[in-house]
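Thanks for coming. I will go through one structure this morning, beginning with the strands and ending with the helices.

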Amino acid sequence: AECVSGCVCPKGLFDDGKGGCVREKDCPCSHNNQQYSPGEKITVDCNTCTCQNGDWSCTKDVCYGTCIIYGSGHYITFDGKFYDFDGSCEYVATQDFCGDKNSSGSFSIITENVPCGTTGVTCSKAIKIFLGVSSDMQCNKDYKEIQRDHGDDVKYWNRTVGLYLVIEASNGVMLIWDKKTTVFIKLTPDYKGKVCGLCGNFDDKSNNDFTTRNGLQETNALKFGNSWKQSFVCPDVTEEIKPCDVKPHRKSWAEKECNIIRSPVFKICHSKVDPTPFYEACVHDACSCDSGGDCECFCSAVAAYAQECTKAQACVFWRTPDIC
């Protein structure tokens, strides 16, 4: 209709995003605000993606979903929702006994939370895994196996890898535990949309992760968490504890120590994984662990961010003789 001033590439060439014009086969690709040249590869979850003609071409391997429980009540669901819940009881972390009361399931993972300081916050100190009808494993200070019934419905293996105890079952459930306060629960995609509990429902949508035991959608983390307690004798959590308000003298120390997450040490990761929720969780934990667990709580919090960085292909070497 009318002329509009501006710059365009000659016919058959494309804008490369940097003010130049290139052929289609030379178009770059972008991921997490970073530009990649044609032929460059990145890893997303367990798949490899190659930049071709300005688009990513990815392998289609089946990837595990991961739920993380760490420190004093921090949860990252299978679908990536980050929230805090400080309950002192046993809770369903995840299970496939959902919906119909008569429905059968193949596993249930229970987390036992206990106070981890004098401020009232809690840490996951014991994990129980129920597989099929045949066995119950408990991980706290020691690893225990209890055969409750004889059956061969679900086979499992356990091994130690570095700091971690790894339990892997034939039904596609894996648990990785650092023998302190960090637990990773991994599930195969067969469980997508079929699980429930504090780890959410694994349906690739984080906005419906707060589904209570009764199947209701909640917006409040406390109401959602309370619904998954195992014993009705335990009191409900009625308010969110802010340990830095309870112990203000620890706050400046906590902020100073946790600032490593926002420092140049982790710079390579900042554009890939938002450091803010991990920094806030670290300050919360460093304030709360005031009964001899200073380093354990702080180190677990920083390690949780480092783990997410590694998953996003940003390897960070942050441990030193002075830090953790």
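Strands here are DSSP runs of E with at least two residues, helices are runs of H or I with at least four, and both are numbered from the N terminus. Two strands count as paired if DSSP finds at least two bridges between them.

Before going on, the basis. This is a predicted model, so local features need pLDDT of at least 70 and side-chain atom pairs count only at pLDDT 80 or more, while totals for chains, interfaces and linings use all residues. Residues are numbered from 1 along each chain as its sequence is written, and side-chain values use heavy atoms, with hydrogens and water left out.

Back to the sheet. β8 and β19 sit within an open sheet of 7 strands, ordered β10-β9-β8-β19-β18-β17-β16, with antiparallel pairing. Which strands are at the edges? β10 and β16 are, each pairing on one side only. From one strand to the next, the twist averages 15°. Angles like this one run from 0 to 180 degrees between N-to-C directions, and axes are lines fitted to C-alpha atoms, for helices over the stretch in contact.

At the β16 end, strand β16 (residues 156-161) pairs with strand β17 (residues 164-169) in the antiparallel sense, over 6 bridges. Trp157 has Glu168 in β17 as its bridge partner. The two strands make a hairpin with 2 residues between them, and Gly162 in the turn has a positive phi of about 60°. β17 then pairs with strand β18, residues 173-177, antiparallel again and over 4 bridges. There, Leu165 stands opposite Trp177 in β18. This hairpin has 3 residues between the strands, and Gly172 takes a positive phi near 90°.

Now the other sheet. It is open, has 3 strands in the order β5-β6-β7, and its pairing is antiparallel. β5 (41-44) and β7 (55-58) are the edges with a single partner strand each, so one side of each has no neighbour in the sheet. The twist here averages 35° from one strand to the next.

β5 and β6 pair over 4 bridges, in the antiparallel sense, and Lys41 stands opposite Thr50 in β6. They form a hairpin with 2 residues between them, where Asp45 in the turn has a positive phi of about 55°. Strand β6, residues 47-52, is also joined to β7 by 4 bridges, and these two run antiparallel. Thr50 comes up again on that side: its bridge partner in β7 is Ser57.

Next, aromatics. How many aromatic pairs does a search of the whole structure find? It finds 12, where rings of Phe, Tyr and Trp (its six-membered ring) pair if their centres lie within 6.5 Å, and planes under 30 degrees apart count as stacked, over 60 as edge-to-face and the rest as tilted. One of them is Phe78 with Phe202: the ring centres are 5.2 Å apart and the planes are at 35°, so the pair is tilted. Phe78 is in the loop between β9 (74-76) and β10 (82-84), and Phe202 is in the loop between β19 (183-187) and α1 (221-227), so the pair ties together parts 124 residues apart in sequence.

Last, the helices. α5 lies across β8, β9 and β10, running at about 155° to β9; contact means heavy atoms within 4.5 Å. The axes of helix α3 (residues 251-258) and helix α5 (residues 276-288) come within 8 Å and cross at roughly 140°. On the α3 side, Lys251, Trp253, Ala254, Glu255 and Cys258 meet Tyr279, Cys282, Val283, Ala286 and Cys287 in α5.

That is the tour; I will take questions now.
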